[in-house]
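Q: Hi! I'm new to this one. Could you walk me through it?

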Amino acid sequence: MSAHIRQAFRELHENDGLVVMGRGLGLQRLLCKFLKLYTAAPTASETGEARRPLVFCINAAANAEDGKVYNDVLLSEGVRPDALPKVITYEAPNRRRLYASGGVFIVTSRILVLDFN
């Protein structure tokens, strides 16, 4: 991984921030690094039981096929298949139940507006 991607990841992980990158400069690699971080291990809840964080990756994919590209990269980096981000489409049943179980979701802003309205 290139030095500028490592630096961007480190700075964004340590502090809130915004990244603006041109095409071909590694935005997909940077996003995959964050997706891998949040799919890794569950966190402890207030009751002490393991719980997955709820993470929305909004508008990262134009369609389900684009979202699968991220999952292919994450699989090649050793992320367990059951921990991969779920690509949410209009056809996904019981989306609220999926969200309640935690995990990482690749979703459009339009679907989120419908789901939380």
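Q: Which residues form one aromatic cluster?
A: Phe 56, Tyr 99, Phe 105 and Phe 116 do. This is a predicted model, where local features need pLDDT of at least 70, side-chain atom pairs count only at pLDDT 80 or more, and totals for chains, interfaces and linings use all residues. Residues are numbered from 1 along each chain as its sequence is written, and side-chain values use heavy atoms, with hydrogens and water left out.

Q: How many aromatic pairs does the structure hold?
A: Six. Rings of Phe, Tyr and Trp (its six-membered ring) pair if their centres lie within 6.5 Å; planes under 30 degrees apart are stacked, over 60 edge-to-face, and the rest tilted.

Q: Why is the pair of Phe 56 and Phe 116 edge-to-face?
A: Because their planes are at 80°, with ring centres 6.1 Å apart. Phe 56 is in strand 3 and Phe 116 in the segment after helix 5, 60 residues apart (helices are DSSP runs of H or I, at least four residues, and strands of E, at least two, numbered from the N terminus).

Q: And how do Tyr 99 and Phe 116 pair up, centre to centre?
A: They are stacked, 5.7 Å centre to centre with 20° between the planes.

Q: Is Tyr 99 buried or exposed?
A: Buried, at 5% relative accessibility. Buried means under 20% relative accessible area, exposed over 50%, and partly exposed in between (1.4 Å probe, protein chains only). Phe 56 is partly exposed at 26%.

Q: New topic: what does Leu 74 contact?
A: Leaving aside neighbours within four places in sequence, its contacts (heavy atoms within 4.5 Å) include Cys 32, Leu 35 and Val 79. Leu 74 is in helix 3 and is buried at 0% relative accessibility.
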